[in-house]
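User: I have a model open and would like to learn how to read a few of its features with you. Could we go through them one by one?

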Amino acid sequence: MSDKPSYPGNTIMVRPAGPLICGSEKVVVVQDEQGNVIERAQELALCRCGRSKNKPFCDGSHKQSGFDGEQEFRDERAENISGHTGELVITVKPNAMLMFTGPVTLFSRSGNSTSTRLRGALCRCGGSQNKPFCDGSHKGCGFRG
Ligand code: FES
């Protein structure tokens, strides 16, 4: 039996010092800025440390990189998603964040942090001071990907 929390619908689990595990009872779509589909799957792992050689996907590089991503989170911009349905679509912005549209439940692996959103921006450069959300730090850290 898994010890991770589980939620219905679309989910994004923020692994401590690891990737974003995106899951759906239907499908998660990852696309580029032009809307070209990169991947469709029920579960996939997206890099948030900024060091994967297979961006936007996790390749395990966070284990060697000393990625600072252990913290729990609070979401000041949580939204009520009840009554909303649809796919989780994640758009990879060049040299910047992952934009997502839901509805989706975000949670830490411990279950101590949770939020629900219809849309938002997630850090994939590793430099945000408000992980897992983008705070614009990618502009100053020279992130490429
Ligand atoms: S992608 Fe990391 S702060 Fe924006």
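Analyst: Happy to. Helices (H or I, at least four residues) and strands (E, at least two) are DSSP runs, numbered from the N terminus. With those labels, Pro-132 falls in the loop between β6 (114-122) and α2 (138-141). Two notes on the source: this is a predicted model, where local features need pLDDT of at least 70, side-chain atom pairs count only at pLDDT 80 or more, and totals for chains, interfaces and linings use all residues. Residues are numbered from 1 along each chain as its sequence is written.

User: Which peptide bond involving Pro-132 is cis?

Analyst: First the general idea: most residues other than glycine have a negative phi, and most peptide bonds are trans. Here, the bond from Lys-131 to Pro-132 is cis, with omega near 10°. Lys-55 and Pro-56 are also joined by a cis peptide bond, with omega of about 10°; Pro-56 sits in the loop between β3 and α1 (62-65).

User: And where is Ala-17, with its positive phi?

Analyst: Ala-17 is in the loop between β1 and β2, and its phi is near 55°. For exposure, count other C-beta atoms, placed from the backbone, within 10 Å of the residue's own: 20 or more is buried, 12 or fewer is exposed, and in between is partly exposed. Ala-17 has 16, so it is partly exposed. Asn-95, in the loop between β4 and β5, has a positive phi of about 60° although it is not a glycine. Asn-95 counts as exposed because it has 12 other C-beta atoms within 10 Å.

User: How do I read a nonpolar core?

Analyst: In soluble globular proteins, nonpolar side chains tend to be buried together. A nonpolar core is a set of buried Ala, Val, Leu, Ile, Met, Phe, Trp, Tyr and Cys residues joined through C-beta atoms within 7 Å. The largest one here has 27 residues, and Ile-12, Cys-22, Leu-46, Ile-90 and Leu-122 touch the most other members. At least two residues each come from β1 (10-14), β2 (20-31), β3 (37-46), β4 (88-92) and β5 (98-108). The largest share, five residues, is from β5.

User: Is Glu-43 buried or exposed, and which residues does it contact?

Analyst: Glu-43, in strand β3, is exposed, because it has 12 C-beta neighbours inside 10 Å. A contact means C-beta atoms, placed from the backbone, within 7 Å. Leaving aside neighbours within four places in sequence, Glu-43 contacts Ile-21, Cys-22 and Gly-23. The C-alpha atoms of Glu-43 and Ile-21 are 6.9 Å apart, with the two residues 22 apart along the chain.

Definitions and conventions. Contact = placed C-beta atoms within 7 Å.
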